[in-house]
Amino acid sequence: MSDDHDRFDNFSRRTLMKGGAAGAAMLPMGARAQSMSAGGASATGPSVQRIEVSLDINGQRRDLTIDTRSTLLDVLRHELELTGSKKGCDHGQCGACTVHVDGQRTLSCLTLAAQAEGTKVVTIEGLSDEDNLHPMQRAFVENDAFQCGYCTPGQIMSGVACITEGHAGSDAEIREYMSGNLCRCAAYPNIVAAVKQARTEMGG
Amino acid sequence: MAQDYTPVPASKDNMGKPVARYEALQKVTGAKIYAEDLPVPGRPAYAWMVTSGIAKGRITAIDDTEARAIPGVQLIVTHENVGQLGKLETFANGGLAITEVGPLAGPEVHHDGQPVALIVADTFEAAREASYKLAISYAEESPTATFGDAGATEKALGDINPEYEPIRFNDAEAALANSAHTIDAEYRTPIQHHNPIELFSTTAYWEGGRLVLHEPSQYVWGLKHSAADLMQVDADNVRVKSPFVGGAFGSKGAVTHRTALAALAAKRLGRPVKLVAMRDQGFTHSGHRQETRQSVRLGCDANGRLTGYDHRSWEFTARTTPYYNGGLDKCAAMYAFDAVRTDEYVVQGDRNVPTFMRSPAEVPTIYALEAAMNELAAEAGIDPVEFRKINDTRVNPVNGAPYTSRSLNQCLDAVADSFGWTGRDPRPGSMREGDWLIGWGCSMAMYPTQMGPSTARLIVRRNGSALIEVAAHDVGTGCYTIAAQAAGERLGIDPQRIEVRMGDSRLPPGPISGGSISTASVTSAVANACDRIVEELGLSSDASTDERAAAMAGMSEPEIEVLGRWTPPGMGEDALQAMYDGGVRITGGNMDERTMFAFGAEMVEVRVNERTREIRVPRIHGAFAAGHIMNPRTAHSQYLGGLIWGIGSALHEATEIDHKRARYTNDNIAEYLIPVNADIGEVNIVMVPERDDEINVLGVKGIGELANVGTPAAITDAIWHATGTRIRDLPVRLEKLL
Ligand code: FES
Ligand code: FES
């Protein structure tokens with residue numbers, strides 16, 4: 001992993017559960033946002049700071065002025081009308097907001113939008129085009145790997161990463177590395193089947 | 001023993017085709033199909049609900065100076081400036097409100113997490129920050145949290161509902177006294193929360209005098225009428241859009257405070273307002289499965305024939321609104337009891353109001369009955385599968401009403417075969433592998449077959465396509481898919497050429513998505529619409545699908561349109577009108593003349609680590625029979641979800657409460673444990689063909705709430721079989737086995 005990646009909170013619920021230390025990785029970004037802000041808000045006064053960012057989302061450059069506190073998830077959903085990434089908790093607990101940042105699965109609710117500058121963000125909307133589904137999307141359809149579908153964008157983004165990370169070697173490994181994505185409809189066995197099918201197609 | 005897993009099973013006798021979900025492509029591409037994702041006219045404002053920090057008392061002062069100073073804050077609504085909202089009735093009184101207490105009704109606080117203010121700002125971030133700055137002072141009183149806490153008040157159900165009658169069928173006391181074997185046990189079930197992954201949201205905007213709501217809903221027509229009553233406008237001037245729901249499980253049926261708050265804010269600001277209850281707020285916002293106590297006495301004779309059954313239940317509910325599930329009449333219908341006595345109670349405290357949660361009455365009560373069945377079978381030295389077969393019944397013993405169909409024995413055989421049950425050594429502690437103690441357990445699953453009125457508009461076109469419109473709901477169940485299948489099968493149209501529109505109150509009304517009634521009710525209305533089309537085409541009702549298709553191709557008009565209607569037999573026509581008025585009418589289960597249930601049987605293997613007491617479920621099998629299966633693919637997924645919910649109920653799920661402050665302490669989905677992928681091993685589902693020509697037009701039984709009933713009894717019995725320890729307090733976590 002390059003140094004660039006150190007700026008991202010590439011941790012899942014599982015790594016959070018394994019050790020509290022990962023949680024600390026979130027903190028330094030606040031400092032970066034502050035330093036870039038033009039605003040003169042005092043420590044005690046109203047704290048709105050706007051910041052100009054240029055993001056690369058699904059291969060498109062998006063220049064925006066955003067609240068420094070905005071998460072990548074909220075910017076996707078509120079500013080860019082990219083509502084495929086879902087908010088299930090806003091706390092890094094459910095995985096519904098999973099996107100790829102420079103190819104790594106990332107919880108967009110735990111990522112400040114400002115942190116994403118200089119990276120390539122891919123969301124479910126950018127994974128494929130309509131006529132040419134990604135093998136993982138096709139596998140989810142064919143294996144009925146969802147019911148309500150609300151966790152599905154996150155599951156699919158995690159599923160792709162699970163394979164590219166090399167964590168889809170066995171059923172048990174897939175289950176383990178897909179456990180950061182909760183599915184309340186409990187489509188888990190079908191999700192495992194879908195990841196296996198896509199693994200074959202993706203050559204993973 | 002591991003079996004090849006088939007996510008999408010093939011059809012068997014009396015099953016439709018396992019066609020892919022109507023909306024599958026949209027769900028894998030992140031399309032805007034959920035209420036919160038729908039576009040709104042103009043830039044919305046963002047609202048944040050401020051919730052009470054105490055469980056009981058009153059607000060003495062609100063200082064919003066600092067909150068108002070946050071740049072971007074546009075509006076703060078509290079009980080002081082909310083104005084006059086309309087009043088809604090609760091379920092018990094024929095309405096849909098979750099609580100008797102209206103939104104921001106006054107300074108009184110009735111439970112922790114009660115909404116006490118709404119802050120609306122230009123951005124989500126500003127609204128959230130302002131919520132931290134809103135200073136609310138309270139005069140706090142000591143609240144009652146749950147069973148056993150000071151101030152809890154008990155009432156018999158008859159004191160709340162004058163129509164409720166406890167069961168007194170023969171003399172249960174005498175029957176128990178004359179039994180060869182008896183069990184007398186108390187079972188406890190915890191608070192659970194639905195926690196759909198989609199949060200509870202409402203987006204509201206006004207177009208002149210018309211209100212548009214985007215809200216995930218299990219009943220858009222009901223929500224339309226409720227919102228109209230709250231905002232004191234004509235129901236025709238309210239539109240609710242909820243094309244797909246991101247999981248509900250009962251939590252999106254009642255009308256909560258946020259609907260009126262969002263609508264009010266949108267009106268005052270003259271712009272769209274988005275309000276999302278955050279995950280922790282969801283724990284107090286939209287109900288839960290209440291904790292219960294179940295006291296069961298059960299007896300059998302020396303041959304294993306059941307004699308007396310005495311079941312008493314206590315449900316913990318809200319002081320303001322004594323919502324309850326009841327349901328012991330269903331337990332009483334399950335086996336050939338000689339005598340039954342039931343008594344049901346509620347206990348009230350200072351809590352938010354419970355609501356339906358997937359198989360609301362059945363999960364706690366059938367768990368208790370099935371656990372007692374397993375314990376009694378062991379006591380009598382009879383295999384638990386055999387014990388259930390000995391006590392099978394063709395009628396509800398209490399009133400003699402025959403089952404329209406009942407395939408419990410076939411399900412027991414099918415699951416025993418798939419699981420390999422005959423290899424079970426009945427002695428506890430008899431199976432192990434290394435450090436792992438192995439246990440096997442079983443249970444019955446059941447759910448009443450229920451139905452409600454529905455309509456369905458059907459348009460068929462000369463070009464071979466069709467359109468179905470009904471304000472029914474898809475909460476992940478496959479409702480769009482099966483509606484298209486129902487019409488396609490009857491008219492000889494490829495379901496792929498049938499467009500389906502649901503989840504919009506502008507469409508003709510469909511039933512609430514609750515009580516597992518949607519499939520039976522909606523397909524019956526679609527079938528009625530198809531019959532009307534056949535009539536319009538001048539065909540006889542026994543015309544073949546080929547003849548029907550040919551007649552459509554030769555129509556003189558480009559399209560014809562009909563409105564199908566269906567009311568379950570025995571329900572008056574006023575039930576249809578009630579649905580048009582946003583009411584809820586459901587029938588089924590235990591009736592005077594007939595008894596209507598779907599059945600299943602489940603078997604689990606549990607492994608308990610001898611040293612750490614860690615509990616795993618490496619495999620679970622279920623066999624289910626539920627009349628005509630519209631679509632084996634979506635049915636399989638519902639059974640799968642149900643079985644895994646059953647595992648969660650048995651081993652993981654419980655909302656913990658602080659007894660002193662009556663506050664939920666694990667109100668997030670990291671600490672409220674639900675099964676994750678790594679918790680689930682082998683799952684095998686057998687669909688047992690069953691035909692029921694009596695039950696409704698297509699012979700369909702609802703299945704969404706079937707598979708999670710009974711599972712905890714199978715798992716607790718397996719834990720006993722592994723360890724010799726009986727745990728009667730759910731969930732069973734390792735500390736209970738230390
Ligand atoms: S919304 Fe990001 S993990 Fe739940
Ligand atoms: S499909 Fe509903 S939460 Fe996963």
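The model is predicted: local features need pLDDT of at least 70, side-chain atom pairs count only at pLDDT 80 or more, and totals for chains, interfaces and linings use all residues. Residues are numbered from 1 along each chain as its sequence is written, and chains are lettered from A and ligands numbered from 1 in the order in which they are written.

**Chain A**

Chain A has seven helices and five strands, where helices (H or I, at least four residues) and strands (E, at least two) are DSSP runs numbered from the N terminus. Their order from the N terminus is α-α-β-β-α-β-β-β-α-α-α-α. Of the 204 residues in chain A, 55% are buried; a residue is buried if 20 or more other C-beta atoms lie within 10 Å of its own, exposed if 12 or fewer, and partly exposed in between, with C-beta atoms placed from the backbone. Among contacts in chain A with a separation of 6 or more, 59% join residues 24 or more positions apart. Two residues are in contact if their C-beta atoms, placed from the backbone, lie within 7 Å.

A:A168 lies in the loop between α5 (152–164) and α6 (171–177) of chain A. A:A168 counts as buried because it has 23 C-beta neighbours inside 10 Å. A:A168 and A:K196 are 28 residues apart in sequence, and their C-alpha atoms are 7.4 Å apart.

Chain A is divided into domain 1 (3–40 + 47–126) and domain 2 (135–202), with bounds from an automatic or database domain assignment. The contact between them takes 17 residues from domain 1 and 13 residues from domain 2 of chain A. On the domain 1 side, α1 (13–18), β3 (98–101) and β4 (104–107) of chain A each supply at least two residues, and β3(A) has the largest share, three residues.

**Contact between the chains**

In the interface, 52 residues of chain B are in contact with 53 residues of chain A. On the chain B side, α1 (24–29), α3 (124–133) and α17 (632–651) each supply at least two residues; α17(B) gives the most, with six residues.

Ala, Val, Leu, Ile, Met, Phe, Trp, Tyr, Cys and Pro count as nonpolar, Asp, Glu, Lys and Arg as charged, and the others, Gly among them, as polar.

| α10(B) with α18(B) | four residues | two residues | two residues |

**Packing within chain B**

Helices α10 (residues 362–380) and α18 (residues 711–723) of chain B pack at an angle of about 35°, with their axes 8 Å apart. Axes are lines fitted to C-alpha atoms, for helices over the stretch in contact, and angles run from 0 to 180 degrees between N-to-C directions. The contact is made by B:Y367, B:E370, B:A371 and B:N374 of α10(B) and B:P712, B:A713, B:T716 and B:D717 of α18(B).

Four strands of chain B form an open, mixed sheet in the order β22-β21-β20-β23. β22 (498–501) and β23 (559–566) of chain B are at the edges, each with a single partner strand, so one side of each has no neighbour in the sheet. Strands pair if DSSP finds at least two bridges between them; β21 (residues 466–469) of chain B and β22(B) pair in the parallel sense over four bridges. B:I468 stands opposite B:V500 in β22(B). Helix α13 (residues 479–491) of chain B packs on the sheet, touching β20 (454–461), β21 and β22 of chain B, and its direction makes about 140° with that of β22(B).
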